[in-house]
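Me: I have a model to go through and I'm new to this. Can we take it step by step?

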Amino acid sequence: MIGYVTIGAKDVEASLPFFDAVFGAMGRERSFFQGGWAGYGAKGADADCYICPPFDGEEARPGNGIMIAFLAGSKAEVDSAHAAALAAGGADEGAPGPRPADSTSFYGAYFRDPTGNKLCVFAKT
């Protein structure tokens with residue numbers, strides 16, 4: 001039911017290498033960067049995730065208890081996205097693996113972007 005997601009960034013341009021790496025590991029790409037906004041989506045498709053400064057002009061800050069989860073196509077994409085996030089300056093919040101530990105249907109990884117937003121990449125197994 002989610003149509004699109006926006007993620008506030010303290011410095012959108014400085015955040016682009018992080019999101020390029022994470023979404024690139026999932027087979028997605030940046031479709032534009034204009035007017036302080038960047039859009040990401042499936043290759044050749046409209047953007048469905050936007051990185052932008054907050055509308056109210058205040059500093060972007062992570063919400064406590066808010067997390068965005070992105071569906072990956074496979075466990076390998078989850079592993080790749082997590083590794084890309086850490087290599088691009090993200091902070092680890094949970095290595096790739098089943099959740100809970102004995103799950104046979106959920107495989108996820110957790111990390112924070114340079115602004116501190118908590119993100120998950122997961123695959124249904």
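Reply: Start with pairing: two strands pair if DSSP finds at least two bridges between them. Strands (E, at least two residues) and helices (H or I, at least four) are DSSP runs, numbered from the N terminus. The model is predicted, so local features need pLDDT of at least 70 and side-chain atom pairs count only at pLDDT 80 or more, while totals for chains, interfaces and linings use all residues. Residues are numbered from 1 along each chain as its sequence is written, and side-chain values use heavy atoms, leaving out hydrogens and water.

Me: OK. How many bridges join β2 to β3?
Reply: Six, and the two strands run antiparallel. Phe 33 stands opposite Ala 38 in β3. The two strands form a hairpin with two residues between them, and Gly 35 in the turn has a positive phi of about 60°.

Me: What about β3 and β4, parallel or antiparallel?
Reply: β3 and β4 pair in the antiparallel sense over three bridges. There, Ala 38 stands opposite Ile 51 in β4. These strands also make a hairpin, with six residues between them, and Gly 44 in its turn has a positive phi of about 80°. Most residues other than glycine have a negative phi.

Me: Which order do the strands of that sheet take?
Reply: The order is β1-β4-β3-β2, an open sheet of four strands with mixed pairing. β1 and β2 (28-34) are at the edges with a single partner strand each, so one side of each has no neighbour in the sheet.

Me: Next topic. What order do β5, β6, β7 and β8 have in their sheet?
Reply: The order is β5-β8-β7-β6, again an open sheet with mixed pairing. Its edge strands are β5 (67-71) and β6 (91-98), which pair on one side only. The twist averages 20° from one strand to the next. α1 (residues 12-25) packs on this sheet too, touching β5, β7 and β8 (118-124), and the direction of α1 makes about 170° with that of β7. Helix α2 (residues 75-87) touches β6, β7 and β8, and the direction of α2 makes about 10° with that of β7.

Me: How many bridges join β6 to β7?
Reply: Five, and the strands run antiparallel. Pro 98 has Tyr 107 in β7 as its bridge partner. The loop between β6 and β7 holds Pro 100. A cis peptide bond joins Arg 99 and Pro 100, with omega about -10°.

Me: Which residues touch the most other members of the largest nonpolar core?
Reply: Ile 7, Phe 19, Phe 23 and Ile 51, in a core of 25 residues. Such a core is a set of buried Ala, Val, Leu, Ile, Met, Phe, Trp, Tyr and Cys residues joined through side-chain atoms within 4.5 Å. Buried means under 20% relative accessible area, exposed over 50%, and partly exposed in between (1.4 Å probe, protein chains only). α1 gives the most to this core, with six residues. Contacts of Ile 7, leaving aside neighbours within four places in sequence, include Phe 19, Ile 51, Ile 68 and Leu 119.

Me: And Trp 37, buried or partly exposed?
Reply: Trp 37 is partly exposed, because its relative accessibility is 36%. This residue is found in strand β3. Trp 37 and Thr 6 are 31 residues apart in sequence and 9.8 Å apart in space, C-alpha to C-alpha. Beyond neighbours within four places in sequence, Trp 37 contacts Thr 6, Phe 32, Tyr 50, Ile 51, Cys 52 and Pro 53.

Me: Last one. Which strand gives the most to the lining of the largest pocket?
Reply: β5, with four residues. Residues lining the pocket include Ile 2, Tyr 4, Met 26, Arg 28 and Phe 70. On a 1 Å grid over the protein atoms alone, a pocket is an open set of points where a 1.4 Å probe fits, with protein on both sides within 12 Å along at least five of seven lines, and lining residues have an atom within 4 Å of a point.

Methods. Axes are lines fitted to C-alpha atoms, for helices over the stretch in contact, and angles run from 0 to 180 degrees between N-to-C directions. Contact means heavy atoms within 4.5 Å.
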